[in-house]
Amino acid sequence: FAGELIQVRDEATDWEGAAERVLRAFALSLLVPDGHYDAVAAWINDHHLNARLVYYRVPARSVPVAPPERRSAHPLLVDMLELKPESGFTPWLKTELGRRANHACVDTIGDFRSTQKAVTRAGQIKDRERHEKDDRRRIDDRREYVLGWTNQAKIDALLTHAATLHGRLSSASGIIAGLAERDRAVSGHLQSLASLGEYTSWDDLDWSGLVREIAELRAERDRITSSSDTLALLTAERQRVREEVATHEEERDGLQRDRGGAEGRRTTAEVELARARHLLSDADAVAAATAAFGSIDPLVASELDGTTPDAALLTTVQQRISADLGQQLHAITRQQGTLGQRIARAMGAFRGKYPNETAELDDSLGSAGEYRQVHDRVATDDLPRFEREFKDYLNQNTIRDIAGFSAQLNKQEKLIRDRIEIINGSLTGIDYNDGRYIRLMPDQTPNTDVREFRADLRACTDNVVGGGATDQYSEDKFLQVKRIIDRFRGREGTTEQDRNWTRRVTDVRQWFVFSASERWRADDTEYESFTDSAGKSGGQKEKLAYTILAASLAYQFKLDWEAERSKAFRFVVIDEAFSRGSEISTRYALRLFTQLGLQLLIVTPLQKIHVIEPHVAAVGFVDNLNGNYSRLQCLTITEYRRRLHERRAGPTTAGPRLVDGAGVAPGPVA
């Protein structure tokens with residue numbers, strides 16, 4: 001957002017509130033780099049934001065604009081601001097702030113009235129005839145500020161405000177609690193006063209009179225009781241009878257409870273008896289379950305543990321044993337499912353390994369019998385004969401095929417070395433420098449993959465001739481071949497890496513690293529070796545580049561200089577040839593191309609024609625007089641030299657003339 005990249009300078013904090021009011025809308029706008037504009041616009045258009053969003057498309061380069069106009073001595077609001085460095089939006093923001101924050105910062109209302117575009121510390125904004133002062137929020141309320149690289153001051157203001165609100169909330173809660181207590185007290189008083197309306201006489205409320213009357217009656221009772229022996233005997237007898245009645249009632253209640261329990265057990269026993277008779281009535285089910293009685297009896301005995309069984313206890317024992325067996329069944333079922341998945345995966349792997357033998361099988365447990373038949377057939381159907389045939393095929397065919405494959409790669413390696421020798425034979429006849437020539441040196445690559453692959457190939461074919469190979473030896477050779485073939489086919493999980501490995505190790509060109517050796521012609525000792533052009537001058541780099549280019553073309557075209565009539569393709573087109581090179585390097589390259597027997601079509605400006613002329617058989621001049629179309633005139637080199645001599649000698653009216661194109665540099669095609 002723009003506000004994250006703009007802040008008021010430390011020395012201008014008095015104008016922070018004014019800057020917030022002037023730039024608030026712009027500060028809440030999103031800045032979108034031009035490279036992300038399409039994606040942002042599409043995303044915003046396709047989603048409901050549930051809010052108002054303004055965003056600006058910021059171009060990669062902003063057109064410089066003039067600084068804001070200063071019509072008074074007052075500083076501008078833009079002078080009070082600074083931009084976050086290295087944001088990538090600085091040029092564009094400077095342009096926008098020069099237009100949006102060019103208000104004069106005035107101190108008095110008089111200056112405010114006389115200035116065309118101004119702002120005061122109180123936040124009143126003027127733009128020509130339009131005036132605005134938005135006091136819906138306090139100008140010093142940092143909770144509403146949006147400018148600044150960090151929002152720590154805003155967070156502190158929000159935390160302070162939250163603490164104030166919390167204190168006010170606690171105070172208000174205490175007041176509310178006090179008022180609630182007073183409300184409860186008043187409500188109690190009102191209820192007491194309302195209850196008084198139920199009484200019409202003071203006697204109804206005179207509780208002290210009733211207390212005195214009760215005390216008098218109790219005293220009269222005690223006097224009568226203490227003065228009569230008969231009454232005391234009758235009272236004691238009544239108490240005894242009451243205790244006996246209570247004892248008999250307790251015994252009666254216990255007997256009734258026992259009777260109810262016995263009746264409940266009898267009912268349960270009758271139900272269980274009926275269920276048992278129903279189960280035993282199914283003779284087939286009883287016969288089928290009899291086999292499991294021997295396994296269940298120990299479980300029942302363990303649960304009873306010598307206790308005399310009844311219907312309820314047997315039901316409980318049955319439930320516990322059923323729960324235990326259910327858990328065991330669930331565990332066994334889960335194990336069966338896991339084992340079934342492993343078996344299905346093993347079937348899939350077997351079918352993938354032997355597709356021809358398992359074409360009619362599928363990966364399901366229902367096909368287990370068919371897989372067993374395949375196993376029995378392999379195990380019993382003359383396996384020794386097939387094993388002998390396999391070993392014969394391994395010794396006679398597989399190893400022979402891998403040996404042939406290795407020989408073919410070695411043949412390609414030798415072919416590359418032979419071609420390099422042929423090229424070196426031509427390079428020997430050309431002086432690279434005085435008394436020295438260039439020789440291409442093919443060396444073994446240090447690449448680990450290639451070196452290990454070649455070692456594995458040799459291991460597969462070592463000591464395979466003769467009859468001394470043992471069964472273990474043949475098995476080892478088979479495993480060596482299998483490892484190579486598996487990588488050629490692509491192993492599971494590393495298919496792409498194996499494909500890249502295969503391309504690398506079977507491309508014989510990758511078996512070499514080449515260098516150029518500059519050697520003395522006199523004794524064939526090495527003067528210098530080139531693995532790259534680092535540290536060489538421009539001319540040395542040109543000569544080395546021409547040498548490598550010519551050798552590469554000769555190798556690509558498979559040129560054979562010993563053949564009297566070669567059908568090798570040797571036509572090369574070089575555009576803008578030798579336009580920047582030195583004449584010495586150019587002459588060296590042309591001699592090299594000529595020695596290697598390459599046929600050239602060279603497109604070059606006229607300034608190089610005197611260097612190329614000795615090596616060409618024909619030239620073609622191209623010009624364009626008015627820019628509409630080009631003209632081409634072809635000449636033999638003899639005709640070209642004759643006309644060039646006539647041109648240098650002076651103008652003549654006989655024969656065609658070579659004309660330079662208007663505004664277009666003519667170029668010969670040789």
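**View 1. The largest pocket of the predicted model.** The largest pocket holds about 780 Å³ of space. Its lining consists of 23 residues, and those nearest the centre are Arg 275, Leu 279, Phe 293, Ile 296 and Gln 318. Helices α7 (229-281), α8 (283-304) and α9 (311-353) are the elements that each give two or more residues to this lining. The largest share, eight residues, comes from α9. By class, the lining has 15 nonpolar, four polar and four charged residues.

**View 2. A nonpolar surface patch that includes Tyr 199.** Val 186, Leu 190, Leu 193, Leu 196, Tyr 199, Trp 202 and Leu 205 make a patch of about 740 Å². Tyr 199 lies in the loop between α5 (152-196) and α6 (207-227). This residue is partly exposed, with a relative accessible area of 40%.

**View 3. The salt bridge between Arg 99 and Glu 96.** The closest N and O atoms of the pair are 2.6 Å apart. Both residues belong to helix α3 (residues 90-100), where they are three residues apart and so separated by about one helical turn. Arg 99 is partly exposed at 48% relative accessibility, whereas Glu 96 is buried at 11%.

**View 4. The salt bridge between Arg 487 and Asp 498.** The N to O distance is 3.6 Å. The pair links helix α13 (residues 471-489), which holds Arg 487, to helix α14 (residues 495-506), which holds Asp 498. Arg 487 is partly exposed, with 25% relative accessibility, and Asp 498 is buried, with 1%.

**View 5. A salt-bridge network.** Glu 639, Arg 642, Arg 643 and Glu 646 are linked in this network. The structure holds 43 salt bridges.

Conventions: Residues are numbered from 1 along each chain as its sequence is written. This is a predicted model: local features need pLDDT of at least 70, side-chain atom pairs count only at pLDDT 80 or more; totals for chains, interfaces and linings use all residues. Side-chain values use heavy atoms; hydrogens and water are left out. Patches are made of residues with over 30% relative accessible area and no salt bridge: like charges are joined within 9 Å, nonpolar side chains (Val, Leu, Ile, Met, Phe, Trp, Tyr) within 5 Å. Accessible areas come from the Shrake-Rupley method with a 1.4 Å probe; for residues, only the protein chains shown count as cover. A salt bridge is a side-chain nitrogen of Lys or Arg within 4 Å of a carboxyl oxygen of Asp or Glu. Helices (H or I, at least four residues) and strands (E, at least two) are DSSP runs, numbered from the N terminus. Buried means under 20% relative accessible area, exposed over 50%, partly exposed in between (1.4 Å probe, protein chains only). On a 1 Å grid over the protein atoms alone, a cavity is a set of points where a 1.4 Å probe fits but cannot get out, and a pocket is an open set with protein on both sides within 12 Å along at least five of seven lines; lining residues have an atom within 4 Å of a point. Grid points are joined across faces, edges and corners, and a volume is the space filled by probe spheres set on the points. Ala, Val, Leu, Ile, Met, Phe, Trp, Tyr, Cys and Pro count as nonpolar, Asp, Glu, Lys and Arg as charged, and the others, Gly among them, as polar.
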